Amino acid sequence: MTIPDYHPYQQAHLNKPQLQFSDIAPLIEHYQAQPWLTVTELGRSVEQQPIYQLQLGQGDKRVLAWSQMHGDESTATAALFDLLNYLQAPEQAAWREQLFADITLYIILMLNPDGAAKRSRVNAQGIDINRDALALQSPEGQLLMAAAKQIKPHFAFNLHDQNRFHAAGPYPNPATISLLAPAYNAEREINASRRAAMQLIAHVQPWLEQQIPQHIGRYADDWSARSFGDTFAAMGISTVLVESGAYRGDDNRQVARRLNFQLYVAWLAAIASDSYQQADVALYNAIPFNRSGGMKDVLLQGLTVSIGDTTATVDLAINLALTGDRRARIDELGDLSLFSAFHQFSVQGLAFKAGQAYPLNTALSLDTEAHLDLLQQGYTHFSGDKALLQASSRLPVLLNPLRPTQGSPQLWQGATFLLVNTQGEVVQAVLNGQLISVPSGVIHNPLGT
């Protein structure tokens, strides 16, 4: 199995947390002018954004791929443009000609542009398009179903992102890529078309495991009659679900993006040559199921917590809330030994202490040194008029935070507090979920890592 190098074909300007239609509109315009593919406007979204389909090749084996059915899941959109970059490269002309003699590839880019604009899973109606395969109340879902019925694809690539809290089976790692040949009935039986999808996944499993050891998962195969993947499987289409997940130190999911691109190339080649038919389904079954919720953002292990006369040693998990209000919160307390984390620290021998609010009664110039001094005094955040605070500190500065921690940690309180030693001295501080040593000021889990 030949896997192309990635970097020469990476489409520029798409390394972002989220992609919107404005990010891809110039690229679609570019491809509209290319003679080796056809770009068609399938229709419009609820808010009248265009939805485009690209058709490449003239082979008898038909493949349909679509991205961003959920507007906030954009990894595959970037990877599909990487694929197009690869296909248009002069050095790939011979391979492209050979491939497209056997295959016709249809790509629907950004099925949910309205959701993408709002960084939302759902469309402008509030409908989850991937739960609309039966009712077909969304114009976007109607377009996808109409395209599938017209194309009658042999294979379908259902391209999504999954949340960063999925772990790769029993391993202490995020599931960076999760794959599934979805069921076509409640009994989860295996017919010829589902078996072909399983073999397509099995065909790439050894290579993928080599690329990201112990970071691969299998998405749950519970049958969902309302979902497009399951519905297409029931229509006899060999459907492969790809869920792009997190990787440590990779907030924009560029590892998953690269792997998506390389998987698409490998799968198209395997479909063209029928080489996937030699793959052992046992390799598909060997992929462990995702462990939903198995990952935490931050895990503090062995924290001492005292309330009245009771003392407990607990683990404390923090959700960094990387979107929305971006307020890190305490996610779970207790025995969290079954979980892994993107950032994991032993705080054995240190005790929880709630921080105080420093009142802004007069103007305060806050550099890092002054900030660390206040932390040692027990002040973790500020209250009052923000106009009085001139902050140049490189540490997180919290002003009038919502739900600050109280005398003891509680679920969904803000993740801002102190860690003290047995002498009551501040050794570390957690400021909006970031662990900081005091007085050195070292941030152990800066955002973006």
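Leaving aside neighbours within four places in sequence, Pro439 is in contact with Leu372 and Gln376, where contact means heavy atoms within 4.5 Å. Pro439 lies in the segment after β20 (434-437); helices (H or I, at least four residues) and strands (E, at least two) are DSSP runs, numbered from the N terminus. A cis peptide bond joins Val438 and Pro439, with omega of about 10 degrees. The C-alpha atoms of Pro439 and Ala429, which stand 10 residues apart along the chain, are separated by 9.7 Å.

The structure is a predicted model, in which local features need pLDDT of at least 70 and side-chain atom pairs count only at pLDDT 80 or more, whereas totals for chains, interfaces and linings use all residues. Residues are numbered from 1 along each chain as its sequence is written, and side-chain values use heavy atoms, with hydrogens and water left out.

An open sheet of 8 strands shows mixed pairing and the order β1-β2-β4-β3-β5-β8-β6-β7; two strands pair if DSSP finds at least two bridges between them. The edge strands, each of which pairs on one side only, are β1 (38-44) and β7 (216-218). Neighbouring strands of this sheet are turned by 20 degrees against each other on average, direction ignored. Axes are lines fitted to C-alpha atoms, for helices over the stretch in contact, and angles run from 0 to 180 degrees between N-to-C directions. Strands of a sheet pair through backbone hydrogen bonds, either parallel or antiparallel. The antiparallel sense applies to strand β6 (residues 177-180) and strand β8 (residues 238-244), which pair over 4 bridges. Within β8, Glu243 is the bridge partner of Ser178.

Two helices that pack on the sheet may be described in turn. Helix α3 (residues 93-102) touches β2 (50-57), β3 (61-66) and β4 (103-109), and its direction makes about 95 degrees with that of β4. Helix α6 (residues 192-211) touches β5 (155-161), β6, β7 and β8, and its direction makes about 40 degrees with that of β8. In the loop between β6 and α6 lies Arg188, which has a positive phi of about 55 degrees although it is not a glycine. Ser224 is placed in the loop between β7 and α7 (228-234). Neighbours within four places in sequence aside, Ser224 is in contact with Arg131 and Asp230. The C-alpha atoms of Ser224 and Arg131 are separated by 8.4 Å, although these residues are 93 residues apart along the chain.

Aromatic pairs were counted for rings of Phe, Tyr and Trp (its six-membered ring) whose centres lie within 6.5 Å, with planes under 30 degrees apart taken as stacked, over 60 as edge-to-face and the rest as tilted. The count comes to 16 aromatic pairs. The rings of Tyr9 and Tyr86 have centres 4.8 Å apart and planes at 90 degrees, so this pair is edge-to-face. Because Tyr9 lies in the segment before α1 (21-32) and Tyr86 in helix α2 (residues 75-88), the pair ties together parts that are 77 residues apart in sequence.

On a 1 Å grid over the protein atoms alone, a pocket is an open set of points with protein on both sides within 12 Å along at least five of seven lines, a cavity is a set where a 1.4 Å probe fits but cannot get out, and lining residues have an atom within 4 Å of a point. Grid points are joined across faces, edges and corners, and a volume is the space filled by probe spheres set on the points. The second largest pocket holds about 190 Å³ of space. Its lining comprises 14 residues, of which Met1, Thr2, Trp95, Val265 and Ala269 lie nearest the centre. Helix α8 (residues 254-273) gives the most to this lining, with 5 residues.
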